[in-house]
Amino acid sequence: MLVYQLQALTLTERTTDAETLSTNSSWFYSTNMRYGALAVIVLLLIIMLFKNNNNQKKSGKLSKDLKRIREERNQLRHEIENLRNELKESNSLRAEDKFEIDKLKEEMSLALSKQAEEEVAGNTVIWDKPEAPQKIQETFYSRYADLADGFSASELLTREGNDTIFEITILSANKASFKVSANPAAQKYALSNADYFLEPTCHYDTLPSGNIINESPGLLTLSGGKWEIKEQARISFR
């Protein structure tokens, strides 16, 4: 009986120890889980702080680089502006130099030209001025066609008169033209005997009376001493 009681007591103690051990194990596991989670959180915070620190360093470096780039850009702009100003000054000097060079060239050219003129004038022999050639008579006058079909070259007059019916213009050495004079007295003289004065030399379609109008001149050719009529003058009356 006593043995059974001892065995029962031993079994009870073992059960109690097992429950105590189980309880202690559960608490230990729960505590370890809490510490593990806390450690993970702390680790994540450390990683985030490290990354944030790196980002801040990178941001600071980028800011410095950006500032440096802006300063270099401003300096480059300043240098470009200085170069532009220097180029403008250089172009202005070139224009002034070119103007001065052109001016010197012009002065030298004028001086050389004047010197050459003076030398030519000093070496030029002045001769007596020749008389101007007399103008050859180109217009002659005739009272009538004394050769019926032409005019005698020797009978042509150099001055117009109230009885010079025809005006003859020399065109070349052997050609000439003729027309009726515009002198009213000469025309009146021609109309006084139109059959004799006008018919052999002129072509007209109406009875001769009034004023004589020259429509087209007649043509003459020189043959020996005779200006022969090759084409009659055309006239009309008004």
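Figure 1. Leu222 stands opposite Trp227 of strand E8. The model shown here and in the following views is predicted. Strand E7 covers residues 218–223, and strand E8 covers residues 226–231. The two strands run antiparallel and are joined by five bridges. Two residues lie between E7 and E8 in this hairpin, and Gly224 in the turn has a positive phi of about 70 degrees.

Figure 2. Six strands make up an open sheet in the order E1-E3-E4-E7-E8-E2, and their pairing is antiparallel. Strands E1 (139–142) and E2 (150–152) each have a single partner strand and stand at the edges, so one side of each lacks a neighbour in the sheet. From one strand to the next, the twist averages 30 degrees. Strands of a sheet pair through backbone hydrogen bonds, in either a parallel or an antiparallel manner. Within this sheet, E4 and E7 pair in the antiparallel sense over four bridges; Lys175 has Thr221 of E7 as its bridge partner.

Figure 3. Strand E2 is joined to E8 by three bridges, and the two run antiparallel. Ser152 belongs to strand E2, and its bridge partner in E8 is Lys226. The relative accessible area of Ser152 is 12%, under the 20% limit, so this residue counts as buried. Leaving aside residues up to four places away in sequence, Ser152 touches Asp146, Leu147 and Gly225.

**Figure 4. The largest nonpolar core.** This core holds 23 residues, of which Phe151 and Leu198 touch the most other members. At least two core residues come from each of strand E3 (166–170), strand E4 (175–180), helix H3 (194–197), strand E8 and strand E9 (233–237). Not counting residues up to four places away in sequence, Leu198 touches Phe166, Val180, Ala190, Leu191, Tyr204, Ile212 and Ile235. In soluble globular proteins, nonpolar side chains tend to be buried together.

**Figure 5. Aromatic pairs, with Phe151 and Phe166 in detail.** Eight aromatic pairs are found in a search of the whole structure. In one of them, the ring centres of Phe151 and Phe166 lie 5.6 Å apart with the planes at 65 degrees; because planes over 60 degrees apart count as edge-to-face, the pair is assigned to that class. Phe151 is buried, with a relative accessible area of 0%. Phe166 is likewise buried, at 0% relative accessibility. Elsewhere, ring pairs link Tyr144, Tyr189, Tyr196 and Phe197 into a cluster.

**Figure 6. The chain as the setting for the close-up views.** The secondary structure comprises three helices and nine strands, which follow the pattern α-β-β-β-β-α-α-β-β-β-β-β along the sequence. The chain has 238 residues, of which 16% count as buried. Among contacts between residues at least 6 apart in sequence, 53% join residues at least 24 apart. The chain exposes about 19,400 Å², and carbon and sulfur atoms supply 57% of this area.

Notes. Residues are numbered from 1 along each chain as its sequence is written. This is a predicted model: local features need pLDDT of at least 70, side-chain atom pairs count only at pLDDT 80 or more; totals for chains, interfaces and linings use all residues. Side-chain values use heavy atoms; hydrogens and water are left out. Two strands pair if DSSP finds at least two bridges between them. Axes are lines fitted to C-alpha atoms, for helices over the stretch in contact, and angles run from 0 to 180 degrees between N-to-C directions. A nonpolar core is a set of buried Ala, Val, Leu, Ile, Met, Phe, Trp, Tyr and Cys residues joined through side-chain atoms within 4.5 Å. Buried means under 20% relative accessible area, exposed over 50%, partly exposed in between (1.4 Å probe, protein chains only). Contact means heavy atoms within 4.5 Å. Rings of Phe, Tyr and Trp (its six-membered ring) pair if their centres lie within 6.5 Å; planes under 30 degrees apart count as stacked, over 60 as edge-to-face and the rest as tilted. Accessible areas come from the Shrake-Rupley method with a 1.4 Å probe; for residues, only the protein chains shown count as cover.
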